[in-house]
Each structure stands twice: as structure tokens, then as C-alpha cells.
Amino acid sequence: MLESRAEVRPYWEKPIPEDEEHAHQLEHFREEDLLLDAIPPSESSAIILNSMKSTGLGFWMAAGFTGALVALLMGTWGLQIFSGLGITGLNRSVMWGPYIANLVFFIGIGHAGTFISAALRLMHMDFRRPISRAAETVTLFGLAAAGLFPLIHVGRVWKIFYMFPIPDERRLWPNFRSPLLWDATAITTYILGSTLFMYAGLLPDLAMARDHTTGWRHQLYKALALGWRGSLGEWLRLEKLANILSYVIIPVMFSVHTIVAYDFAMAVQPGWHSTIFGPFFIAGALFSGVAAVIMVLIILRKTMRLGYFLREQHFNSLGIFLMLLSIIWGYFYFNEWIVTWYGNLSAEQAILNMLTGQLSPLFYLMLVCNVAIPLGGLWSRRVRTSMPAMFVICLAVQIGMYLERILIVPGFLSRNELPFNWVNYTPHLPEILITLGTFGLLSFLYILWTRIIPIVPLWEVHEGQAFQSTRRVGRGLFTTHTDMH
Amino acid sequence: MAETNEHGHKWTMIVDLDKCNGCNACVVACHAENNVPIASEEEVIRGRGNHWIRIERYWEGEYPDVQARFIPVFCQQCGSAPCEPVCPTYASYHSTEQNLNVQVYNRCVGTRYCGNNCPYKVRFFNWWTPEWDSPLNEQLNPDVTVRSAGVMEKCTFCIQRIRRAENDATADGRELRDGDVQPACAQACPSRALVFGDLYDPESQVSERLPAERQFKLLENLGTEPAVYYLKGEDTHVGE
Ligand code: SF4
Ligand code: SF4
């Protein structure tokens, strides 16, 4: 009995093939694939725990800079509340501007987290294992940043509770015919759902951190880990919960950006009233979201020394996905405009004319950033696995997708049915500061978060490593995968 | 073209484009009656002009054969108003009794969705707390709320006058008569280009003049069912 147990090796001790050629191949595999390159869990935990405690000069500078941006955001917003929305560049035709564009943008980058951790999980895509939490964090803080904008945008934020379904003596309810209410409902559901999803996945790692720390960290993780012990029953329940939540959260994710698109598509504004806006917005959201996740991963890998977990293979897979999304986005954009151009309705034509006239620099820059640069670069594996190149491409995608939102919101609004009301829009300083401040807020929260929460889901990596192995077939060595189910 | 009438009114305006000469008297009258804030020159250049009724001027033709066209545009009191369903708080809602689109200022949170969705662009947002230069600040109309910063506003067909006429009629124990209600713009128009009345009242001026051969509605193709009828203008050659 004792002897047979001794034969069961832990998963991180994979036998080294005697055949030299095979040993060489295995070495190559281990370099390429995280899941084949298992090291003892205590070592991988140590990498994460050390990275969480690394608060050098760079960290404080980054935190200080982004913190200053947050202060700028709050200060400008306070000034705007005090003096009125007149300090923005909005006018009587362009009533929505960068604030709404920001809302769409930040909700958009929140889509990749759910997609990467829930959809790829259900599809058994193993490359998502080490990156899912970093992606979910983008979702969480993307939504938090987006959630500010309805508040920043409205004229009387102190009356915002009129939009909430609060029972009152006059039986006045919010108007559920308004897409804004659908929006609020969908976003709230999404925030709650994705937070729950993230938290469930965090439990084993919080418990790991609890067992390896002392002091305030220990107390914090002890409280957050909810007494996770790692018994078989707990693992099975976690597995079940994660599966259920994955199935639930994916339709919610699709609904959120569809409904954000409905804010525009349901209006009679020419250029907005389009049946394609729902799927088009989802494609754009995933596109900018995946690009944001890649950028975050590059920064994490560099500054937190996570090279063991985040490897070329992950950037390669994400790069292919990004290229696919660029094609999908371009397809929708082409569709949208070719149909409008051919339809030749006068008001919509005015918008098209503007795109090639007054707004043409933004329009062409957007196309370059969203289609030319990603498609031109991402087809090559060399580019996909080069960190600086990927960073530049993803930055281009962010710029392109932001421009897309700006063109759709204040851009299209400046042309409407009666030419007498055509007013061009230029952003004013407060709008620019608030937008910059929100990027600062997102980064600030993210930077703090990485020092408190294990940013790589260790248990997912360990699980993957335990089920991944190699097998000899003839002269070749192949990777095999045991499916847990 | 009196429509059947159980109760309530269908307040209607006829705008005879042949008679409008673009004098802007209606605009001034409206500002005075409804406490409409006055935007500074700078603000107007920034596209923040605020007039519940405005005269849109379009030029037709090439010099020297140029025609000026004036179209007074104000809230069309749409029967199926795009500004209403999009408002999350019911600040923009439909009064079924008056057949008017009503704006409840103190319910408005200022999402400005209604403004985007109004194809006529006749809804205005208070970007700043309104101020009037002296002595205008001494002659605000006490029957009309002064709106605060952060809310939307628009033409109401002078609902305060409609209400007063209704109350007067009730006090006298009689029905409302045609001509009892005159919005400020129609009252001020020197050329009688604006005619106001109840389309449910078969005796009213609007009922008698409609349907007219020259009638059309602005952006009728959008299906907003405006309560404002425009009568096409003949050619008015400038300089002839
Ligand atoms: S004209 Fe504009 S503001 Fe007036 S009812 Fe119609 S949509 Fe609403
Ligand atoms: S007052 Fe009468 S004539 Fe003068 S601009 Fe107004 S509608 Fe035209």
C-alpha cells in the first residue's frame, strides 16, 4: 500500500525522458508552454507574493502620478457642478459629448475580462489561465470608471436619484421606456455579476495568501478568504459555481453593450438610427477591451517580473484574437457606411460628407489605427510575440476605438435634419481634464489592486499544469491534455 | 377640419410662411413672456442660442436671383413625440388632456437625451444659471417658473395662458371660446402669420383654415405627428 502511493509523483515532477532527442523536445516545450513548465506550487506562489510586495520607486511614482490625475478629475468635476455644464464645449445640437463617449469606451474595455475568463473557460481555451484575473480586473475598474460618467454628464447630479426606482409618496417611477433605464439595469447587473464571478475565483488564491503572510495582510486575506480550506467538496462547488456563472455572465455581457448601442440606435438622430449598432458595438467593445488587456499584461510582466506566468504564447494567442476582432470591426464599419451611402438619405448624407470633410483627419486616423496597423502587424508571429510592437499596436487600437466613439457621439450630433441647427463641436479644457483623469483613475485603482490581490490566478495555473502532460507517439513528443470532466 | 372631441383640446398652430417676413417680433415676445434666458453674443457663437421660437432663415438660388425663406420653428407639440419615451424620469411627458408635450422642470435631471432625440432641435439646456441684465431682471413674468441650471426647457404653447383662460372660463361658467387663448408669439406677430386655436372646436379659426391646399408639416416623414401646420410660401424675391 505504502509503496504504491510512493509511485504517485506530484504533477510538477514530470519524468525526464531517457531518449536525448525527446529530452531536448521536452525542454523546448517547457520553454514554450507554461502549463508544461510546472514548478512546485510553493515556488510559483512565492513569485506572486513577492511581486505583490514589490513597492519600489517606480510603483510610488506611478501611484503618485495617477493619483494626481484622480485629484484633477475630482477637482474639475467639482468645478463643473459648481458653475454648470456651460464650462464644457457642448452646444444646443451637440448635447452629448466626450462624457458619453467615455461611458461607451470604458464599458467597452470592460468586456474583454468577461470574455477571456468566462467564454474562453467554457471553450476550454487553456491559454487564458494565467491572464484571466488581470482581464477581470480591467472589467471591474473599467465599469467603475464608466459608472462615473452618467453622474458627470447630467445637468443636476444631486437629483440623480430620480432615475432610481425608489418608492415615493407620489408613486413616481422612472420611465422604463427609456433606453437609459435599460442601460442602468444592464450595467448594474453586469457589475454585480462580474464582481461575484471574480470573487469566487479569488477565494483559493486569497487563502493561499492568507497562509503565507503575516500582519495586516494576513488579517485582510483571512477575512476575504471566507475560511477556504481547499477540501474536495469546496473545489467541486467552486468548479460548479464558476461554470454556472460563466454561462450566466456571457449573455449579460452581450446585453450590456447592445443596450449601450440602443442609447443611440433607438434615437431618430441620423447616423445613430441603425439596426447594426448592437453587434457593431460589441465587436468594438471586445476589440478595445482585448487591446487594453494586452497592454496591462505587458506592463504587469515587465514591472512585476511575471515572465514565468506571462509568456510569448499568451501574447501570441491574444494577438491572433485581436486581429480577428479588427477584421470583424472593419466588416461592420464597412457595412454600416456602404448601406448608408447607397441609401442616400439627405440627413445621413450630411454626416457622410462631414466624415470625408471636416472630420476627415479623425476618420482616417481611426481607420489607420483600427484596421491598417493591427492587420498590418498582427499577421506576423514575430510582431505578436514582441512586447514593444504589441504595446504600440494596442495603443493604436485604443486611440482608434476612442476616436470611433467621438465620431459617433459629438461628431454625428453636429449634423441633423434641419441644416439651420448644424453646429460643430470642439472639446473644452474641462472635458479633456476629466477624460484624462478617468484614465488616471482606472490606472490608479489597478496599480493599488495589483499590490493587494494576486493578479495571476494561481490555482487555475496549477490546475492546468496538473492536467497537461506529454506523450510519445512514435518518434515524436506531443502534448496531451486530460479533461477534468 | 375639426376633429371629434369628447373632452380636452387639441391645441394647434398654423404658420403661414407667405405672411412671415422674418421680423422676429415673435421671438422677442416669447422671451418676455416665458422668462427665456438671454444668451450672450459669445454663447451664441458657441452654438448656445436659446430661443423657444426661432426664425430659421434659408437662402435659395444664386445671386442676383436670391430668395430668403423664413421658417419660424418652435416645439411642434408632437402627437408621437420622440423626446418623451427617452426621458428616464418622465420630465418630458404627454398631457393627454391638452394634447401637449409638457416639460416638468423640477423633475428633469439633465440627461439631455430628449434634446438629442428631438429632430426639430427646439429643446434647450440651461448651461448656466440664467441671469438677466438690469432692467430685464425686474420684468420677469411671475406666471412662469425661472428655470435653474442643468434642466431642459422648450416652448409650451404658453401653457400658463391656456390655464388662465380655462380657469376664467370655468369661473364664468362657460366653455372656452376661440380666441380666449393667444400665445405670446401669435399675439405679437404683426402680419398674422401665426394662428392659434383648438382643432377640436369646429368653429375655431384653425379648424376653418384647415385643411389648406398649401399645408405641410415639418419633417412629417419622421412620423412625429406635429400639431403645427405650415402653409407653403409663394416666391418672394428679395430685391424685386
Ligand atoms: S418638437 Fe421636439 S420637443 Fe416638441 S414635442 Fe416634438 S420632439 Fe418633443
Ligand atoms: S412675428 Fe410673425 S412675421 Fe415676425 S418673424 Fe414671427 S412669425 Fe414671422
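Colleagues, let me start with confidence. For the complex, the predictor gives an ipTM of 0.90 and a pTM of 0.93. Chain B has a mean pLDDT of 90, with 94% of its residues reaching 70 or more. One stretch of chain B, residues 236–240, has pLDDT below 50, although in the model it makes 8 contacts beyond near neighbours in sequence. Where pLDDT is low, predicted coordinates should not be read in detail.

The largest nonpolar core holds 196 residues, and within it A:F309 and B:F157 touch the most other members. The greatest contribution to this core, 17 residues, comes from helix α11 of chain A, residues 277–303. A separate core of 7 residues includes B:I14, B:L199, B:Y229 and B:L231.

Let us look at B:F157 itself. Leaving aside residues up to four places away in sequence, its contacts include B:W11, B:F74, B:C75, B:L100 and B:V228.

That brings us to B:L100, which belongs to strand β5 of chain B, residues 100–103. Is B:L100 buried or exposed? Its relative accessibility is 0%, so B:L100 counts as buried. Beyond residues up to four places away in sequence, B:L100 touches, among others, B:W11, B:Y93, B:F157 and B:I162. Between B:L100 and B:G115, 15 residues apart along the chain, the C-alpha separation is 17 Å.

Finally, the ligand. Ligand 1 is surrounded by 13 residues, the closest being B:C75, B:Q76, B:C78, B:C83 and B:C118. This shell comprises 8 nonpolar, 3 polar and 2 charged residues.

Thank you for your attention.

Notes:
Residues numbered from 1 in each chain as written. Chains lettered and ligands numbered in written order. Predicted model: local features only at pLDDT ≥ 70, side-chain atom pairs only at ≥ 80, totals over all residues. Heavy atoms only, no water. Near = heavy atom within 4 Å. Nonpolar A, V, L, I, M, F, W, Y, C, P; charged D, E, K, R; others polar. pLDDT = per-residue confidence, 0-100. Contact = heavy atoms within 4.5 Å. Helix = DSSP H or I, 4+ residues; strand = E, 2+ residues; numbered from the N terminus. Buried < 20%, exposed > 50% of the residue type's maximum accessible area, 1.4 Å probe, protein only. Core = buried A, V, L, I, M, F, W, Y, C linked by side-chain atoms within 4.5 Å.
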